Amino acid sequence: RNYYGGNWASFSFSGLLSWIKENQEKSENSDECEDWKKLILENEEVISLNKKDKTIEHVEAFCFGDQDSAKDVEEAGALPKLPVFGASGAEGVAQDPNKECPPLDSAVARAESCEPEKAASVDTASTVEENDTEVNCENEGSPSVSSSESALDLGKAEAAPSEVSAQEPKKIMYSQIVREGRRFNIDLVSKLLYSRGLLIDLLIKSNVSRYAEFKNATRILAFREGKVEQVPCSRADVFNSRQLTMVEKRMLMKFLTFCLDYEQHPDEFQDYKNSTFAQFLRTRKLTPSLQHFILHSIAMVSETDCSTVEGLQATRKFLQCLGRYGNTPFLFPLYGQGEIPQCFCRMCAVFGGIYCLRHSVQCLVVDKESGRCKAIIDHFGQRISANYFIVEDSYLSESVCRNVCYRQISRAVLITDQSVLKTDSEQQVSILTVPPVDLGQPAVCVIELCSSTMTCMKDTYLVHLTCPSTKTAREDLEPVVQKLFHLNTEAEKETENEELEKPRVLWAVYFNMRDSSGIDRNSYSNLPSNVYVCSGPDSALGNDCAVKQAETIFQEMFPTEEFCPPPPNPEDIIYDEDELASEESGLSNSPETKPEPSSEESSSRGSTAVNEHSEE
């Protein structure tokens, strides 16, 4: 691929259009060297890898505006394209939204391209750090300093269209979306970070958090009786709520207090261990609205498949995450979930890790005697020796995966013109669970992002819908989209007032993504012992599955090493004398290679910080 993160990636609008086109065409890569078979010895055999990605299916994109108006529109701040293998040279600045997004060759290049945007303005931006014990959230984010004049010019070029859009906030044209396409950071997978989840703990421990900024999810919403309502979560929210009666407030607080230490009161739930959580809630003298809030918006579990203990665990996890960084349990990374893989890339690169984009692997070379993978052969026909090979499931061939049964995730991404629940503040990050119409069907998780998350342009919202698949993504999710949003280009006169108040969808894409999580290693056929398989994203809201999987693989490979230890301070690193001498001689011979402070380090000094904090 020409981008980081695989199915965890995020794209600008033009980049997503290229991704859509690529997945609709599914063309095979023919740019390969045919002489690689000469590199295989007699006592070796090969395991071929997939030449194309089959994890994305049923991609359908819809524009609810005038697409012709965007034909000659340039994307503001678009970079010149870099040469692609097989091309005669670099192409000019991308003018067509259907053309490929410029590939970026390194984490540094990615950071530099984002820098002017980050220098714009960040509302309540946060960086998770370990040392302090305060929460510092400022309304005005500290801009990152960029010494490049061209970068500053780029920032101005991107700022100009937003001024135009500010004059006409009610009517967003498709041409505006294309022009400000670099203001969008659209995730392929939609997740939030639990404030006491495994990923936050890992970011703090490993100091990878220095490369990321976060924004609090500000609202938990519920969809009940055809209306979107805000769910009171914290003690203050409950007692300030106008939608609950005083009796309901006492009922809710009593039940939530019980959930925090339910294990200390086994007699209260022991008789319902074999019942569903929904059945247990009915025995707790809770009103129907409270049962709905707890089941779908706090525990966020299935009405039919979740046991009582699982529901209590989910409710406790939600409550324990409240108050660490805000009034909800969730954080969202600025610039999208796709920033998280790149943050780990940057830390790895600081300590010598090398990343090769647009560099595919044709096959694994396996020693017949030991059954271990000795090397790989890339698409240049180059043989590269390896002690371990870690591969994402989608690269494995059909013969290796013939006994594997995959699940699917249904995804939709919408660009809308207003929030699903209007309030005084437009800058809301909301999570909404829409319960299924029919029992046994999956609930749909909706995450709505505002422009201050740096994932969409001003006066628009980016809405992600996710659920485990039962049909195609459009069949699974379009009924929910129709409940919450207005799909017609222009509202008809006969439409009721309630219909007019719905947000209008400007653009939408649906697709199914493979869920390869939870597959046992033994399901793969003839897999060498030193080949480790990672899954793609799972359908859960959090990231615990990925963190557990990474740590498990690491411990199998290096059982005596610590997983993601805190990095040493540069002044504490002790170099081997011979290594130091060779570095010094190398530097003296080529003065232009003298190391300079990384762009990430310089930019991190100016970021707003949210430090580790626990509410007493």
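Start with the open sheet of eight strands: its order is S3-S19-S15-S18-S17-S16-S8-S9, and the pairing is mixed (strands are DSSP runs of E, at least two residues, and helices runs of H or I, at least four, numbered from the N terminus; two strands pair if DSSP finds at least two bridges between them). Colour strand S3 (56-63) and strand S9 (227-230) to see the edges, as each pairs on one side only. From one strand to the next, the twist averages 20 degrees.

A quick note: this is a predicted model, where local features need pLDDT of at least 70, side-chain atom pairs count only at pLDDT 80 or more, and totals for chains, interfaces and linings use all residues. Residues are numbered from 1 along each chain as its sequence is written, and side-chain values use heavy atoms, with hydrogens and water left out.

Next, select 219-224 and 430-434: these are S8 and S16, parallel partners over four bridges. Arg219 stands opposite Ser430 in S16.

Now show helix H9 (residues 288-298), which lies across S8, S9 and S16 (contact means heavy atoms within 4.5 Å). H9 runs at about 125 degrees to S8 (axes are lines fitted to C-alpha atoms, for helices over the stretch in contact, and angles run from 0 to 180 degrees between N-to-C directions).

Then pick Phe255. Beyond its neighbours within four places in sequence, Phe255 touches Phe277, Phe280, Leu281, Arg284, Leu286, Ile294 and Leu312.
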